[in-house]
Amino acid sequence: MQDAFRPPPSPWVMRFSWIIPSGGRVLDLACGNGRHTRLLLEQGYRVTAVDRDLKGIGDLGAFDGLERLEADLEDGSPYPLAGRQFEGIVVTNYLNRPLFPALLAGLAPAGGLIYETFALGNERFGRPSNPDYLLRPGELIETITGHLRILAYEDLVVSEPRPAAVQRVAAKREVKE
């Protein structure tokens, strides 16, 4: 259910949530206010929501299948989910390049990755504007290629919910027979 204080889920995440195996465990990394955590829980997934501050998902207590993990992913601590695998991983509006290997390792066979974040060029629209937090041209697809099967990829300027330069990918881990 949408409320006035929580923006709607990303259309990209809504469009591609089907690539995550039904009922699977999903990692919502840097979950923020929980817009995707809520969407995925409502779709019947079990969700591990991770953020440095979980106040944004305080209203989700009624959902079974929700695991909360408060962790600062940028303080130099070891990755808190090392060794765990998820049938789905969702990341939006967040970039921490050193986590890419752990995220790829954490995607289970037949699992789906939905990733969408800011790209170079976003500085003309506002924050983030620091290149450390903006993907270089083609960087997201280059990071995924050779590890996952790309189902969709875009590198463009969007106008909603506000103007921004973004890259986004939907990809699946192939099942080896």
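Predicted model: local features only at pLDDT ≥ 70, side-chain atom pairs only at ≥ 80, totals over all residues.
**Entry 1: T37**

I started with T37, which has 0% relative accessibility, so it counts as buried. Next I looked up where T37 sits, and the place turned out to be helix α2, residues 35–42. Which residues does T37 touch, leaving out those up to four places away in sequence? I found D28, C31, V47, A49, L60 and L66.

**Entry 2: aromatic pairs**

How many aromatic pairs does the structure hold? I got 2. I took W12 and F16 to begin with: their ring centres are 4.7 Å apart and the planes sit at 55°, so I wrote this pair down as tilted.

Buried or exposed, I wondered about W12 and F16? Both are buried.

**Entry 3: the other pair**

On to F100 and Y115. Their ring centres are 5.5 Å apart with the planes at 40°, so I put this pair down as tilted too. This pair links distant parts of the chain: F100 is in helix α3 (residues 100–105), while Y115 is in strand β5 (residues 107–118), 15 residues apart. I looked up burial here as well, and F100 and Y115 are both buried.

Note on methods
Residues numbered from 1 in each chain as written. Heavy atoms only, no water. Phe/Tyr/Trp six-rings, centres within 6.5 Å; stacked < 30°, edge-to-face > 60°. Buried < 20%, exposed > 50% of the residue type's maximum accessible area, 1.4 Å probe, protein only. Helix = DSSP H or I, 4+ residues; strand = E, 2+ residues; numbered from the N terminus. Contact = heavy atoms within 4.5 Å.
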